[in-house]
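Colleague: I have a new model open and would like to walk through it. Can you help me read it?

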Amino acid sequence: MFTPFFLLFGIFVALATTHASPVEKRASRTTPPAGAVVVKNPAGSGQFSTIQAAINSLPNDSSSRTIFIFPGTYSEQVSITRTGPTTILGSTTDTTSYTSNSVTITHSLSAAAAGNDDSSGTLRVHKDNFAMYNVNVRNTFGIGSQALALSSYGTNIGYYGSAFFGYQDTVLANQGNQFFGVCYIEGAVDFIFGQHARAFFQRNVIASVAAGAITADGPTSATDASLFVINHSTITTSTAATTSLTGKVFLGRPWTQWAKVAFTSCNLGAHINGAGWEIWSTATPNTADVTFAEFANTGAGAAGTRASFSKKLSSNTGFTAADVLGSSWTSWVDQAYV
Ligand SMILES: *[C@@H]1O[C@H](CO)[C@@H](O)[C@H](O)[C@H]1NC(C)=O
Ligand SMILES: *[C@@H]1O[C@H](CO)[C@@H](O)[C@H](O)[C@H]1NC(C)=O
């Protein structure tokens, strides 16, 4: 367990010092916590100018380590594989959201050029017990190939107040149990996808920049545990969209016939097509065994005659955070982002 105590302390300080004011309370985190490895460009004494150099400085053992990143745009691909619990913190004046993030990791690489989806990722996480707070991650390749912002393989992984920008295949949640709390995810085609992970997206903003399906889940067998649940999130059109997307976006399409995705208690914008969900392709619809579910969604996009292979539920049983991540989820998910 690696709950960031300094974050809790920071919230406490913010509450304690702003009691006289009715304004919104914000937690700031603009200096490194004690013991953190520091990234700053240009780097000062004992600091690293790239995030990868800071990661490479960490021992590959079971110890818990933290990296703090000062404001800036870091143009690099970042890969993390060390064994022990690891936390990455971006400097921000408001830890409760991604909207004040000051740290961006950016890179442009297509899967076509990289050789596969994972290798194209701007941030590649291949480890368990990882948390990242208040960092923006971009793959700026754009239209024409898969090009991942995040490639995430591992369990007990949490992304908090972070933002992921891409076009096709922005976020790959591929393995283990993963939590996305108060994040922003932008893309056009299959931009939340994976094959074996169980992922819970809580209070996210999920924004389409062009027509396409938001999710593409692809379990490789009937017993593959893969499941994506998007809860209490705002499903909307990105301000970067250049044409009207009204009715042109689908909640998901099945990468394989065992796809399992639910949207619960979400606000769905008018860009969501009345059918809600679409087939993979005419040649391979992949709808035979899908679980495409909705519960208690609202908004213009929640109306319409849904696809026959989807269902509307009268309860979220089977799709709660505990159902998706297991009963121990509260021990590793930062509850400030639930
Ligand atoms: C750390 O050790 C793990 C487990 O042996 C290994 O998979 C990983 O590649 C190592 N990472 C680094 C940076 O050495
Ligand atoms: C969905 O989000 C709401 C609001 O944060 C929360 O009360 C509820 O418990 C969440 N649902 C599940 C199934 O976790």
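Modeller: Start with a term. A nonpolar core is a set of buried Ala, Val, Leu, Ile, Met, Phe, Trp, Tyr and Cys residues joined through side-chain atoms within 4.5 Å. Keep in mind that this is a predicted model.

Colleague: Which residues touch the most other members of the largest nonpolar core?

Modeller: That core holds 79 residues. Buried means under 20% relative accessible area. Three members touch the most others: Tyr159, Phe164 and Phe263.

Colleague: Which residues is phenylalanine 164 in contact with, leaving aside its neighbours within four places in sequence?

Modeller: Contact means heavy atoms within 4.5 Å. The partners of phenylalanine 164 include Met132, Val137, Phe180 and Cys183. Also among them is Tyr159.

Colleague: How many residues are in the other core that lies apart?

Modeller: Its members include Tyr98, Ala163, Val205 and Ala207. The count for this other core is 6 residues.

Colleague: What radius of gyration does the protein chain have, and why does it agree with a compact globule?

Modeller: The chain has 338 residues. A compact globule of that length would come near 20 Å, so the chain's value agrees. That value is 19 Å.

Colleague: What share of the contacts with a separation of 6 or more comes from residues 24 or more positions apart?

Modeller: The chain has 4 helices and 26 strands. Now take its contacts with a separation of 6 or more. Residues 24 or more positions apart account for 65%.

Colleague: How far apart do the centres of the positive and negative side chains lie?

Modeller: There are 17 positive and 17 negative side chains.

Definitions and conventions. Residues numbered from 1 in each chain as written. Chains lettered and ligands numbered in written order. Predicted model: local features only at pLDDT ≥ 70, side-chain atom pairs only at ≥ 80, totals over all residues. Heavy atoms only, no water. Helix = DSSP H or I, 4+ residues; strand = E, 2+ residues; numbered from the N terminus. Rg over C-alpha atoms; globule rule 2.2 N^0.38 Å. Lys, Arg positive; Asp, Glu negative; His and termini not counted. Charge placed at Lys NZ, Arg CZ, Asp CG, Glu CD. Buried < 20%, exposed > 50% of the residue type's maximum accessible area, 1.4 Å probe, protein only.
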